[in-house]
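I keep these entries for a reader who is new to this structure.

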Amino acid sequence: DGHAWASATGLAAGYSGVGAMQALPEDRSVWDVGYAGGASRLDYAIEFATAGTYYVWVRGYGPNTASDSVHVGLDGVAPATGFNFNGFVIKAWSWSGRNGSSVRSITVPSAGVHTLNLWMRESGMIVDRVLLTRSASYVPSGIGPAESPISGSSTPASSRPPISFASESGASSLTCAASSGEYIASRAPS
C-alpha cells in the first residue's frame with residue numbers, strides 16, 4: 001500500500017540517538033483490523049533469558065492526534081495486550097506503555113530468540129525507543145535507561161531505534177537494532 005517505516009533524522013529534534021523511525025507517508029491512514037498481516041512493521045530479534053510477561057514501553061512522537069499510535073506483538077502475532085499504544089504527547093517526545101488504563105505487554109512463551117514487532121497503527125507516528133521490563137510498576141522517564149551493547153558487539157547500535165530491558169530501578173538494560181532483525185541481543189538474568 002506504499003507505507004513503510006523510514007529513518008527520520010532532522011524531524012522532531014530530541015530523539016535519543018542519531019535518528020528515529022517514522023511511519024510514512026503521513027496521510028492519516030489507520031490500521032486496526034488485520035494489521036498483523038497488512039501494516040508495515042519494525043522487527044527486533046531478541047534473545048530472552050526468561051519466559052514470561054514483559055511490559056512494553058515505546059518512546060515516541062505524535063506529530064498530531066491522527067498520527068500518535070502503534071501496535072506491538074511477538075513473533076508476528078498481534079495479542080490484545082499489544083493493541084493500540086496511544087497516549088503520546090502531541091508534538092513532544094514521551095513514553096507510552098498503555099492504552100487508557102490498560103498496561104501493554106507481551107508474553108514470551110520460552111527462553112530463546114523471539115521477534116518483537118511494532119506495527120503502524122497511524123501513519124506519521126515517530127518511534128525513538130522501545131523498552132521491555134518485567135515490572136508492571138516501572139515507568140521510564142527522559143530518554144530511558146542507557147543502551148547496552150548488541151550481542152557480539154561492544155558498542156550500541158545507535159543508528160536505529162534501540163530497545164531496552166529495564167529493572168524497576170532502571171539499572172539493567174539491553175539494546176538491539178530495529179528494522180532488519182539481523183541483530184540478536186541478550187541480557188543476563190537479573
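The entries below record what I looked up, one topic at a time.

**Ground rules.** I am working with a predicted model, in which local features need pLDDT of at least 70 and side-chain atom pairs count only at pLDDT 80 or more, while totals for chains, interfaces and linings use all residues. I number residues from 1 along each chain as its sequence is written, and side-chain values use heavy atoms, with hydrogens and water left out.

**Whole chain.** I find 1 helix and 13 strands in the protein, where helices (H or I, at least four residues) and strands (E, at least two) are DSSP runs numbered from the N terminus. Along the sequence I read the pattern β-β-α-β-β-β-β-β-β-β-β-β-β-β. Of the 190 residues, 51% are buried; buried means under 20% relative accessible area, exposed over 50%, and partly exposed in between, with a 1.4 Å probe and protein chains only. I also looked at contacts, meaning heavy atoms within 4.5 Å: among those with a separation of 6 or more, 73% join residues 24 or more positions apart.

**Aromatic rings.** I describe a pair of aromatic rings by the distance of the centres and the angle of the planes. Rings of Phe, Tyr and Trp (its six-membered ring) pair if their centres lie within 6.5 Å, and planes under 30 degrees apart count as stacked, over 60 as edge-to-face and the rest as tilted. My search of the whole structure gives 5 aromatic pairs. One of them is Y35 with F83, a tilted pair at 6.2 Å centre to centre and 40° between the planes. This pair links distant parts of the chain, since Y35 is in helix α1 (residues 35–38) and F83 is in the loop between β5 (70–74) and β6 (93–96), 48 residues apart. Y35 is buried at a relative accessible area of 5%, whereas F83 is partly exposed at 28%.

I then turned to Y61 and W93, whose ring centres are 5.3 Å apart with planes at 55°, so I note this pair as tilted. Here too distant parts of the chain are linked, with Y61 in strand β4 (residues 52–61) and W93 in strand β6, 32 residues apart. Both Y61 and W93 are buried, and together with Y15 they form one aromatic cluster.

**A charge over a ring.** Which residue lies over the face of Y54? I find R134 there, at 4.6 Å from the ring centre; a charge sits over a ring if NZ of Lys or CZ of Arg is within 6 Å of the ring centre and within 35 degrees of the ring normal.

S40 is in the loop between α1 and β3 (41–48), and I note it as buried because its relative accessible area is 18%. Its side chain reaches the backbone oxygen of H3 at 2.6 Å. Not counting residues up to four places away in sequence, S40 touches H3, A4, W5, L118, W119 and M120. A45 is in strand β3 and is buried at 7% relative accessible area. The C-alpha atoms of A45 and H114 are separated by 5.8 Å, although these residues are 69 residues apart along the chain.

**The cavity.** How many cavities of 30 Å³ or more does the search find? It finds 1, with about 40 Å³ of space in the largest cavity. On a 1 Å grid over the protein atoms alone, a cavity is a set of points where a 1.4 Å probe fits but cannot get out, and lining residues have an atom within 4 Å of a point; grid points are joined across faces, edges and corners, and a volume is the space filled by probe spheres set on the points. The lining residues are Y55, V56, W57, G97, R98, V103, R104, A136 and Y138, and the largest share, 3 residues, comes from β4. Y138 is in the loop between β11 (126–133) and β12 (163–166) and counts as buried at 8% relative accessibility. Y138 and G97 are 41 residues apart in sequence and 9.9 Å apart in space, C-alpha to C-alpha.

**Positive phi.** Most residues other than glycine have a negative phi, so I looked for exceptions. D75 has a positive phi of about 55° although it is not a glycine, and phi of K91 is near 60°. D75 lies in the loop between β5 and β6, as K91 does. D75 is partly exposed at 40% relative accessibility, whereas K91 is exposed, with a relative accessible area of 59%.

Conventions
A polar contact is a pair of N or O atoms within 3.5 Å; within protein, one must be able to donate a hydrogen and the other to accept it, and residues adjacent in sequence count only if both atoms are side-chain atoms. On a 1 Å grid over the protein atoms alone, a cavity is a set of points where a 1.4 Å probe fits but cannot get out, and a pocket is an open set with protein on both sides within 12 Å along at least five of seven lines; lining residues have an atom within 4 Å of a point.
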